[in-house]
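Trainee: Before we start on the details, could you put the sequence and the structure up? I would like to go through the side chains and then the secondary structure.

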Amino acid sequence: MHRILRRFCHSPLRNVFFMLLPLATVYFYLMYSMDAEAQDKQAALEKVAMVTVKNGRGVDSSLKDEMIAAAQRNILEGTEVEGNKHQPTKKPKEMTALLKKLTEIEAKILHQSEKVESIVQVKGQPNVIDRDLLVYEQAFRKHGFTVKTPAGYKSTGRLVETNDTVYSNTEDDVEEDEGQVQQMQSSTKTAEWEGWMVLLCMTFTDGDSSTCLGPSSYGHLTQHQKVNRIPGIRNTLWRKDSFCHTMAAARRLPSLRKSQLSLLCWVLPEQYEQFLSVADALGSEIKWVFKSPNPGGTIQILQPTKERDVSRVRLYQTKKAVVQQYFANPLLIFGMPFNVRAYVLVTSVSPLRAFIHSEGLVHYRLDQRSFKKVPNRTWYFAQLKQYLKHNHGPEAATIAFKNMESIIVQTLLVAESTLAAHFSGFKKSPVDDPYRCKNCFQLLGFDLIFNASLHPIVVEVNGQPHMQASSSDDGWASNTIKQNAIDDTVGILFSKTSVAEEVSEALEQLDSNIGVVGLNCQPSHQLCLTRQDLEYLLDSRREAASKGSFQQLYPSYDCAKYSLLLRDLRRVGSMNWNLAGRQSEVQLPAMQNMQLSSSDAVHHNTAELHPVISTVEQYYFSKETENADDLEDIGPVINDDIYLNQTERRRPKDGYIANLIDNVFDDEPVVDVKYRRPQCSEDKGTMPYLVGLYMDPDINLSPTFDAIVTNYHVTVPYDTVLIKVWAFAASCDCEARLDDKYGSSRPANYSLGIGENRVSMHVVDVTHSEPWVINTYTVHVYRKKLSEDDGIFSPEMQYQVCSLIQECDLRVFPKEPCGLNLVSGITWNQFQSAVAKLPPCHSGDAPGHWVLPCSDCERRSTCLWKLADWYPHKCRHVKMPRQNLRQCLASKKVLFIGDSTNRGMMYYLMEQVNGTLMQWDKTHNIKVYTNVNNNQTLVSFAYYPQFWLPANQRPVFDKALYQLLRKTLPLENNTNTVLIVGGVHWLATHHLNVIQQSLQREGLTGIKKVMKGLGAGFHQPVDGVHCLSLKEQSKLLLHNAGLHDYAVSLGYDVIETLNMTMARYKDFLQGKCACHFHKVREVSAGNVKPSTETPEFYVAEKPAFYHIDDGLDEEDEDGENGVPTYYHVDGNINALYSEILLSRICGG
């Protein structure tokens, strides 16, 4: 071998060999790579084939070949998914017996419909078809259906705009024109259940008659056929009287004793005496709405205990009507009542399966007496959610809509037993199993109203919601929402998505106590799932996968919250009694026989199948969120241990509470465990008490909380302007509500003004139709003034001069400094001397800033805030001595029009002129005072605008001004008549134009006109009050500047208050708006120091906690025992701009 190699090395072939060696290496490498790639391609083909089999499509060989051929083309063309390359070949998952059964059921459901022509047959009443068909027709044709209308039907193609009412809906109770219907259907020769896939029944009835489909025909329907009617729903939920009966029966269920699904109601005349007895017990203040059961009928609001209404109420001893409790405390949008229309799709009744569309309609109402819609004023859900978030806090929209979903589900669950009893007799022969209406679906319109605590109630349910396109200006939103709801309905009903494997995986989570008929059902099992049950689970998952913009109502991942209600309904069902208390005509099989039956025909209802449904839905949800960082919204865990393996149970995070409400009046959701209500008591003796009263930031109550003690005191520092307040009632029958019996029962923000704030927490019994306040806890929160911690001023000390233009946490002037800033080169004493040399200001709008002395401007605690004052830059405001003020105002009439900020200036003027304030009230109308300045000066006030009234009931500005002028006649056309207008944020140039026109009309163009500028406010996120963002606050400055310039051009004196109040925005006094810089308080005569002739107003000795009089009625001049009652206007900032006002009235 050695010799051979040596000869080779000296041979000429040596060079050739070394040249060929690299080529050979490359050749073998390429051969190896091609072989590996071929193996990868084969693995990919096998994977495609396996996916096809797993999805239940392996039974169709042509489909399988087509899929494999497509995959081959992708691989050859290099377009296969990158993620599939170089993946190890996986063995196909072994198909379990359960998966095989589910795949078989699914294949039969999905493929059966492919053999039938996609035809939609339309039947019904011509007027309804003409109204609603277009939207349905467009949706079905989009999905490949052929729509057939009745013979002889011709569309008018009209666009109409209805003005329906909540309490009298024109969409129901319309009698059928049998002759017209029969004429349209006379050409039909085949059986009524043949020749269509969808029967679109467009009537104001259930359609289970000659109009659409007779009861006996339902039993002939095949698996793939659908009818858009649920028989029995008209006499359960749709008709006003039937809805009233159903809801009255629901109130007897223990789990619904606090969940007010609907308003208290009675059907007249049959329940006339019952109604009168309840109305008498509830008292004379309760109002009642009497509605005709017929469309377009009358609506009356009457009070049976009032003599004026007795005769009209007696008419209903023989007259048909539905009487409903008046909804006294609705949530308002911009002062206007509204209702929402939610579109709810029910695809199965027993067990229940329902969806709510994510977009619905919000209808403004003119008032609560006519209930008419406001034309061209319709919102959709997204706008309502945004409004709630902006004005009631970020959680409000979630709370309101989750409560709405809960109310709707409870309503449908309550109706299930009555509906099932109705259609169970629809079968081909008496020996057949009860009909379960698997072919039925229906799109319902739920009309709801929210109260001020964001709790909804159902007013009506409409079985044929109005779907005609609107021609109004705002109709585009309504039309789009309606069209999307129908499009998504069709998408849900005819989904082809394969879900067998997913359902199989979910069912594997069930405990061993659950069996499947035909696979492993044993007598020891607590429940055996039948074929009907498996079909329901498959349909539920398939529809959820294709729900479009619908959201699941039931089943859902958090549907365990309905367990108590379903337990009550199951107890009712086991006794074979329906909700109305009458024995059902159709006897349902005994509960235990249904559970243990080995027949695949047995079909369990919602209550029986609920634990299984809850478990599989939670499994789906956990799979969808298993890669998420935060699982706080996973929902409540089922307590039924038999239905879920302990090893598979998913536990929520610590501190979590469910974000859907077990009872809609347990008003959560919040994530912090401290907001979670502790265990309540069923003991009636605990009803008046709270178990806890809390504030955030944590504040120590004095005395320490004790359920027996109802009055507490707290002191907080100046910077604490907002707290969150909540409490828990001890009794399960009660709630703790803030400030009012209709107030918030959830943690709510509360703004704290300077001085005393009174926080009232009412313990309210919610088991009655009207909340009863049975106890009240009061917390007196005293918020310190900045000046309370001031040191003693020393004239010898060289204080720095500090300027304040704006606070850093409300920086509305981007280019100006914030906080306290040193005025360099001058001491406080030098500054005071320089100011004294300035000329008097000749206008009320001279630019300025807040100035005060401090030892060090960088340390606010060294400042003397009691000496803080507003200093114009180039002039000074001169305070007028009282005697001069009295002389100036003699023979003058001073008219104020505006909100409470103007009223504060008016009372300051009255106190300064008279030396004392001996009468006042919180007037919200027109008030005239003649006892000013020894009856030499008349002062009048008109409150505007009256925000609490519905928009259509508020007096327009022109009318309010006219009434004010009328009340103060005669008026001189000179400066003896002074008109002062102003408010926080409402004033605009439009109002100034109205004043100009009115004064010209009245011949008063020569009077003195003063405008108070806008003011700080609405910067705290408090429930029920809108809160302006920093950007909106900045825009307010621009609006104020434009308003100022326009007022000056019209000859107004302007009192600039916005810059003044913005810089001291935390100095507001009690009130939700954080916009009040004055407060009138009562002081005892012994504490009043004698007034002087100086402009300084008297000072009362401060008691431990001020007594604040609500002042709803005018006070008598003499208090108890004949001792005079005095009042004082608190608020240094109000005093400052009021003094500027007085100088402008008397100075020019």
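Trainee: What does C559 count as, buried or exposed?
Mentor: This is a predicted model, in which local features need pLDDT of at least 70 and side-chain atom pairs count only at pLDDT 80 or more, while totals for chains, interfaces and linings use all residues. Residues are numbered from 1 along each chain as its sequence is written, and side-chain values use heavy atoms, with hydrogens and water left out. Buried means under 20% relative accessible area, exposed over 50% and partly exposed in between, with a 1.4 Å probe and protein chains only. C559 has 0% relative accessibility, so it counts as buried.

Trainee: Which cysteine forms a disulfide with C680?
Mentor: The structure holds eleven disulfides. In this one the sulfur atoms are 2.0 Å apart, and with 95° about the S-S bond the link is right-handed.

Trainee: How many residues apart in sequence are the parts that the pair of C680 and C732 ties together?
Mentor: Helices (H or I, at least four residues) and strands (E, at least two) are DSSP runs, numbered from the N terminus. C680 lies in the loop between helix 18 (606-625) and strand 19 (690-696). C732 lies in the loop between strand 21 (722-729) and strand 22 (734-738), so the separation in sequence is 52 residues.

Trainee: What is the handedness of the disulfide of C802 and C857?
Mentor: The two sulfur atoms are 1.8 Å apart, and both cysteines are buried. The torsion about the S-S bond of C802 and C857 is about -90°, so the disulfide is left-handed.

Trainee: And what is the torsion about the S-S bond of C1073 and C1075?
Mentor: C1073 and C1075 have their sulfur atoms 2.0 Å apart, and both are buried. Their disulfide is left-handed, because the torsion is about -70°.

Trainee: Turning to the rings, how many aromatic pairs does the structure hold?
Mentor: Rings of Phe, Tyr and Trp (its six-membered ring) pair if their centres lie within 6.5 Å; planes under 30 degrees apart count as stacked, over 60 as edge-to-face and the rest as tilted. One of the pairs is F145 with F494, tilted, at 4.9 Å centre to centre and 55° between the planes. The number of aromatic pairs is 27.

Trainee: How far apart in sequence are the parts that F145 and F494 tie together?
Mentor: F145, which is buried at a relative accessible area of 8%, lies in the loop between helix 5 (126-142) and strand 2 (146-148). F494 lies in the loop between helix 13 (475-493) and helix 14 (500-507), so the parts are separated in sequence by 349 residues.

Trainee: What kind of pair do the rings of Y364 and W379 make?
Mentor: Both Y364 and W379 are buried. Their ring centres are 5.5 Å apart and their planes are at 85°, so the pair is edge-to-face.

Trainee: Over which ring does the charged end of K385 sit?
Mentor: A charge sits over a ring if NZ of Lys or CZ of Arg is within 6 Å of the ring centre and within 35 degrees of the ring normal. The charged end of R234 sits over W238, 5.7 Å from the ring centre. For K385 the distance is 4.7 Å, and the ring is that of F401.

Trainee: Which strand stands F290 opposite V323?
Mentor: Two strands pair if DSSP finds at least two bridges between them. Strand 6 (residues 288-291) is joined in the antiparallel sense by four bridges to its partner. V323, the residue opposite F290, belongs to strand 8.

Trainee: How many of the residues of strand 8 are buried?
Mentor: A321, V323 and Q325 are buried on one side, and V322 and Q324 on the other. Strand 8 (residues 321-325) is mostly covered, and its buried residues number five of five.

Key. Disulfide = S-S within 2.5 Å.
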